Amino acid sequence: MAHAAAAARAPERGLDVYTQKVGMWVFLCSEVMFFAGLIGSYVILRFGASDSWGQPGEVLNVPVTAVNTFILICSSVTMVKAFAAAEADDQKGIKLYLFLTFLMGAMFLGIQAYEYTELILHGEWQGSHGFTPQAGLYGATFFTMTGFHGFHVFLGVVCLGWAFKRSLAGEWGPKNTHGLEVLGLYWHFVDLVWIILFTIVYLI
Amino acid sequence: MSEAGSHSAEAGDAGHGHEAPKYMLIWVYLLVLTLAEVGVAFLGIPKWIIVTSLLIMAVWKALLVALYYMHLKWEPKRLRILVVAPLPAVAIMIIVIMMEYV
């Protein structure tokens, strides 16, 4: 009797979500701690030496970065639309939205590269020409934080290129959405981190 | 946000068992908040008001992305517990750091 009852019991379901998604979330939890470490160091350095920081717009180009923020937010929408298209088996939509997400991720990196170039070549900070990673605490923390974020975007763009290539072969669909959802989680997290960084690095 | 408030929080995999979230509406929220942030940053009001309102808007935007685009709103409670698990550690770190200056 006891054996029969045990056999009839549903298998252990754990977190009720598939393994890859749990894995991505655990990874993202570690990423939260990574960026919290960077932001924590930034807070302690900035409060300790507030004279070493410029006012919003003094050194950094806020309008250009606001456009970049806009692009990244739009890419989050197209990513989630690609996932919704996969669930609806809309093959054309999957390809279109993945391509748009890939394109906007690449545009973000391009604009960031332009921003870095302009800052390094033409930036002015505390009387010296060129705002570089060596430009005191301000320059060091700025390039470290935005650089690590940009590296995350770069990895996301590479994965998006791979996902788009697979979409051309029609590999995504209602029966195969997990890869897109997990990639989407990463991509939205990168967007989420940028939302925080844009606020504390550029606007405060 | 209320349009999705009636969804079951205990639905299984995201995207199943609930209506399609209003992705475009959330996008509009995010854009409006971003514009508001840029506007507030350049207002000639006391710095502490600017900083407080900017932080509130940033957390608000982050929550919108996590709840709607990352589907946390519809994930099982156990996954949501897993996701918020590192946040107390972050809070402790930030509070301890800030105590250096109080």
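This section describes the chain interface, helix packing, nonpolar core and selected loop and helix residues of a predicted model.

The interface between the two chains brings 36 residues of chain A into contact with 39 residues of chain B. On the chain A side, at least two residues each are supplied by α2 (19-48), α3 (62-87) and α6 (178-203). Of the elements of chain A, α3(A) gives the most to this side, with twelve residues. By class, the residues of chain A that touch chain B comprise 25 nonpolar, six polar and five charged.

Chain B itself contains four helices and zero strands, arranged along the sequence in the pattern α-α-α-α. Of its 102 residues, 23% are buried. Among contacts in chain B with a separation of 6 or more, 51% are accounted for by residues 24 or more positions apart.

Packing within chain A was examined for two helix pairs that share α3(A). Two packed helices are described by the angle between their axes and the distance between the axes. For α3(A) and α6(A), the axes come within 10 Å and cross at roughly 160°. Because angles over 145 degrees count as roughly antiparallel, α3(A) is roughly antiparallel to α6(A). The crossing of α3(A) past α6(A) is left-handed. On the α3(A) side, the residues that make the contact include A:Val62, A:Thr65, A:Thr69, A:Leu72, A:Ile73, A:Ser76, A:Met79 and A:Ala82. Those of α6(A) include A:Leu180, A:Glu181, A:Gly184, A:Trp187, A:His188, A:Asp191 and A:Trp194. Sorted by class, the contact of α3(A) with α6(A) has 13 nonpolar, five polar and two charged residues.

The second pair consists of α3(A) and helix α4 of chain A, the latter spanning residues 91-122. Their axes lie 8 Å apart, and the packing angle is about 160°. The helices α3(A) and α4(A) are therefore roughly antiparallel to each other. As α3(A) passes α4(A), the crossing is left-handed. The contact of α3(A) with α4(A) has 16 nonpolar, eight polar and two charged residues.

In soluble globular proteins, nonpolar side chains tend to be buried together. The largest nonpolar core in the model has 62 residues, of which A:Ala82 and A:Leu98 touch the most other members. Both chains take part in this core: two or more residues are given by each of α2, α3, α4, α5 (136-168) and α6 of chain A, and likewise by α1 (23-41) and α2 (47-69) of chain B. The largest share, 16 residues, comes from α6(A). When neighbours within four places in sequence are left aside, the contacts of A:Ala82 are A:Ile94, A:Tyr97, A:Leu98, A:Thr101 and A:Leu180. A:Ala82 is also one of the α3(A) residues that make the contact with α6(A).

Most residues other than glycine have a negative phi. A:Asp89, in the loop between α3 and α4 of chain A, has a positive phi near 55°. This residue counts as partly exposed because 13 C-beta neighbours lie inside 10 Å. In chain B, phi of B:His71 is likewise positive, near 65°. B:His71 is placed in the loop between α2 and α3 (77-84) of chain B. With 23 C-beta neighbours inside 10 Å, B:His71 counts as buried, the cut-off for that class being 20 or more.

B:Val32 belongs to helix α1 of chain B and counts as exposed, because 12 C-beta neighbours lie inside 10 Å. The C-alpha atoms of B:Val32 and B:Thr52 are 18 Å from each other, and the two residues are 20 residues apart along the chain. A:Gly170 is found in the loop between α5 and α6 of chain A. With 11 C-beta neighbours inside 10 Å, A:Gly170 counts as exposed. Between the C-alpha atoms of A:Gly170 and A:Glu124, residues that lie 46 residues apart along the chain, the separation is 50 Å.

Note on methods:
Residues are numbered from 1 along each chain as its sequence is written. Chains are lettered from A and ligands numbered from 1 in the order in which they are written. This is a predicted model: local features need pLDDT of at least 70, side-chain atom pairs count only at pLDDT 80 or more; totals for chains, interfaces and linings use all residues. Two residues are in contact if their C-beta atoms, placed from the backbone, lie within 7 Å. Ala, Val, Leu, Ile, Met, Phe, Trp, Tyr, Cys and Pro count as nonpolar, Asp, Glu, Lys and Arg as charged, and the others, Gly among them, as polar. Axes are lines fitted to C-alpha atoms, for helices over the stretch in contact, and angles run from 0 to 180 degrees between N-to-C directions. Angles under 35 degrees count as roughly parallel, over 145 as roughly antiparallel, 65 to 115 as roughly perpendicular and the rest as oblique. A crossing is left-handed if the near helix is turned anticlockwise from the far one by less than a right angle, and right-handed if clockwise. A nonpolar core is a set of buried Ala, Val, Leu, Ile, Met, Phe, Trp, Tyr and Cys residues joined through C-beta atoms within 7 Å.
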